[in-house]
Structure formats: structure tokens, C-alpha cells
Amino acid sequence: MTKPVIIKGKIQFVGFSTTEKNSLMKYNEPTFQDGFKENLTDTMMSSFENLKLTNKEKKHLSRSHRKLLNYYRHLNLFTLNSDAKKLVHEINHSKQSHILIEANHYGAYVCLAALFSGKLSDEKTVEFILEKAPLALFPKAFIKTEPKNKNHKVVFRLAEDCWLTPFSSLYNNQRIKCSLKSFKKSA
């Protein structure tokens, strides 16, 4: 049985022409850890106790939310590392000195892995605008070094209609320093 992949993601280099190589990176089918199968027991409330959700958040956490979170918990870390290395290469070899990157879902994790790798060029100003990814579940193994360059920044953008909005415990991470920008989507 194939599982529907609902955490597709993208990384968009803002301000780059669409003809520039890799101004858009799409991730249509992130890979999962070997042996991962959708399992009912993995989506039970008890398997999310470590997230320390508030009672209000627990009431809002539906099975579809838990299923989505389960996908993030079982991402293939080797693939994430490889994708982050590709992003670091694109940033470091870019002709731009100021780079603005927007990313969502799995793409946000790729950006965080690149940022915390310690391999981004100090000569570049890089701002990541991330959305729709639970920062609380970002793998600790990828937080290798704090960004040394004050010109490497992270903004987490939270739309009013985003699935993460009612779960502040999920878009906060003690080790990831970012500013939070909330906004309403216009119709």
C-alpha cells in the first residue's frame, strides 16, 4: 500500500529570475526512514506526549494532524542531509550577496538543516522565511552549530489559516531562534 505524501515542500529563491538555475527547488516525495509504515498506534495521542501540548492544543489535535506530525517524525535523515548540502552549495555559489529564501513544509526543514550545518558562507546575507512546518519536531541531530553570522536569519511566517496556528507548542523550538510573523491571508 502506498502512503499519500502530504508534506511536499518547496524552496523559492526570492528575487532570482525564473531562468536562473535552481531558483525553485520542489520536493514532491520526501523519503521516510527505512521500514516506516503508517501505523494507527503511531497516531495515538499517547505517542505525542513528548511535545508537551497544552490541554487546549490537545483538544484541537485531530487524527489528521497527528498523522501529518508522524510523517515529520519519520523523515529520512540521510535524504534531508543530502538536500541541505545541495541548498548550501546553491547559496554559497550564488552570485547574489543578499539572498531571501521562502520555504514551506519539508523545504523549511531543508533550510534549517542548511542553516545549522555551519557551512553557509559568512560573506552572504541569508534570510529564510519558513512556514507550515512544525519546528518542535526538527531533528536535534541537525542543530550542529548555532549560526555565527548575524546576517543569517530565520523568520517563521504563520498564516491565520495554517494548520499549525492553534498549536504554538509545535512552531516553537528552544534551540531555533527565529522571529514570528503572523498574518491574515487575503481572499
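At roughly what angle do the axes of helix H3 and helix H4 cross? To find out, select residues 77-92 for H3 and residues 106-115 for H4 in this predicted model. Their axes come within 8 Å and cross at roughly 70°. Angles of 65 to 115 degrees count as roughly perpendicular, so H3 is roughly perpendicular to H4. While you turn the view, note that H3 passes H4 in a right-handed crossing.

Next, show the side chains where these helices meet. On the H3 side, pick Thr79, Leu80, Asp83, Ala84, Leu87 and Val88. Their partners in H4 are Tyr106, Tyr109, Val110, Cys111, Ala113 and Ala114. Colour this contact by residue class and you will find 10 nonpolar, 1 polar and 1 charged residues.

With the colouring by class still on, the lining of the largest pocket divides into 10 nonpolar, 5 polar and 3 charged residues.

Technical notes: Residues are numbered from 1 along each chain as its sequence is written. This is a predicted model: local features need pLDDT of at least 70, side-chain atom pairs count only at pLDDT 80 or more; totals for chains, interfaces and linings use all residues. Side-chain values use heavy atoms; hydrogens and water are left out. Axes are lines fitted to C-alpha atoms, for helices over the stretch in contact, and angles run from 0 to 180 degrees between N-to-C directions. Helices (H or I, at least four residues) and strands (E, at least two) are DSSP runs, numbered from the N terminus. Angles under 35 degrees count as roughly parallel, over 145 as roughly antiparallel, 65 to 115 as roughly perpendicular and the rest as oblique. A crossing is left-handed if the near helix is turned anticlockwise from the far one by less than a right angle, and right-handed if clockwise. Contact means heavy atoms within 4.5 Å. Ala, Val, Leu, Ile, Met, Phe, Trp, Tyr, Cys and Pro count as nonpolar, Asp, Glu, Lys and Arg as charged, and the others, Gly among them, as polar.
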